[in-house]
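These are my notebook entries on a structure that I looked up. I set down what I found, entry by entry.

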Amino acid sequence: MPDTPQRAADVPIRPAATVMLVRDGEAGLEVFMMQRTLSAAFAHGMYVFPGGKVDAADEADHFEPICDGLDDGPASERLGLESGGLAWYVAAVREVFEEAGVLLARREGDDEVVDLDEPDIAARYNDARHAIHEGRLDFAKFCADEELLLLVDSLHLVDHWITPQGERRRFDTRFFLGAAPPAQHPLHDDKETIDSRWVRPADAIDLWRNGELQMLPPTIATLEFLLPHATAGDAVAAAAAVGIPEPVLPKVIVVDGKVVGIKRPGDDGYDDAVEPEFTL
């Protein structure tokens, strides 16, 4: 029996957070990117930044005492929300830890980002990373046991995209930027992601144009944000000055049941484009 078509307007839009980790490489500013597994339900095979859904657990009140320099009020103001903004920052930190093995945190009483170069510490944190991702370990409990404070104040909102109507999975995604800690080394998890690399933004865009890297429009747009900046410090400073970006809601263009393109607000024909009635 064929599946009943799902109305596109009924697909829930889930909150999500993703993070551009930047550093100074030998040839200039670099950003960390990962390739999603070819079997992923969403964006399979695409090169992306670490990120994922904002979980209900990220909204727990017990995160506020362990978030460094930011509580829910100011966090929400930074995102243009009445409340609940801190959960986006918590999710951003958690997802970067789960997917890339980088923990944006410091120990209580220590001003430096936690050092994961020590083999025993690196192994313990790597085990915790996978346990948190698999739901066997609570992220907040891990932070409490390790006496960690999450460096949410080091992340800056740079863009905001909402998946077009018609997609089977839709996300309300906020893109953050932060400097990569020097004593930590990102690496994909070999589960949801199968490759990772540090890459100059201009090189990533060239690889996309040549068909060597597959990327979604929001990823390309946020890479373009990095292009004018020569150093990680410049990029962080520019991100801190962005403010609250307007959400970008693209529309898919469908002809005879096939997607033939995507239009962004401001593109010719955007206002006249008819959104799909059913999921594609």
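This is a predicted model: local features need pLDDT of at least 70, side-chain atom pairs count only at pLDDT 80 or more; totals for chains, interfaces and linings use all residues.

**Entry 1**

Residues are numbered from 1 along each chain as its sequence is written, and side-chain values use heavy atoms, with hydrogens and water left out.

I placed Val254 in strand β10, residues 251-255. Helices (H or I, at least four residues) and strands (E, at least two) are DSSP runs numbered from the N terminus. With Val259 and Leu280, Val254 makes a nonpolar surface patch of about 210 Å². Patches are made of residues with over 30% relative accessible area and no salt bridge, with like charges joined within 9 Å and nonpolar side chains (Val, Leu, Ile, Met, Phe, Trp, Tyr) within 5 Å. A salt bridge is a side-chain nitrogen of Lys or Arg within 4 Å of a carboxyl oxygen of Asp or Glu. Accessible areas come from the Shrake-Rupley method with a 1.4 Å probe; for residues, only the protein chains shown count as cover.

**Entry 2: Gln6**

I found Gln6 in the segment before β1. Leaving out residues up to four places away in sequence, Gln6 touches Val11, Glu277, Phe278 and Thr279; contact means heavy atoms within 4.5 Å.

**Entry 3: Tyr270**

I traced Tyr270 to the segment after β11 (258-263). Tyr270 counts as buried because its relative accessibility is 11%. Beyond residues up to four places away in sequence, Tyr270 touches Leu249, Pro250, Lys251, Lys263, Arg264 and Pro265.

**Entry 4: Helix α7**

In α7 (residues 232-240), I recorded Ala232, Ala235 and Ala239 as buried. They lie on the same side of α7 because they cover an arc of only 65° around the axis, the arc being that of the directions from the helix axis to the C-beta atoms. The buried residues of α7 pack against β1 (13-25), β2 (28-36), β7 (156-162), β8 (170-179) and α6 (217-226).

**Entry 5: The whole chain**

I counted seven helices and 11 strands in the protein chain. Of its 280 residues, 48% count as buried.

Conventions
Buried means under 20% relative accessible area, exposed over 50%, partly exposed in between (1.4 Å probe, protein chains only).
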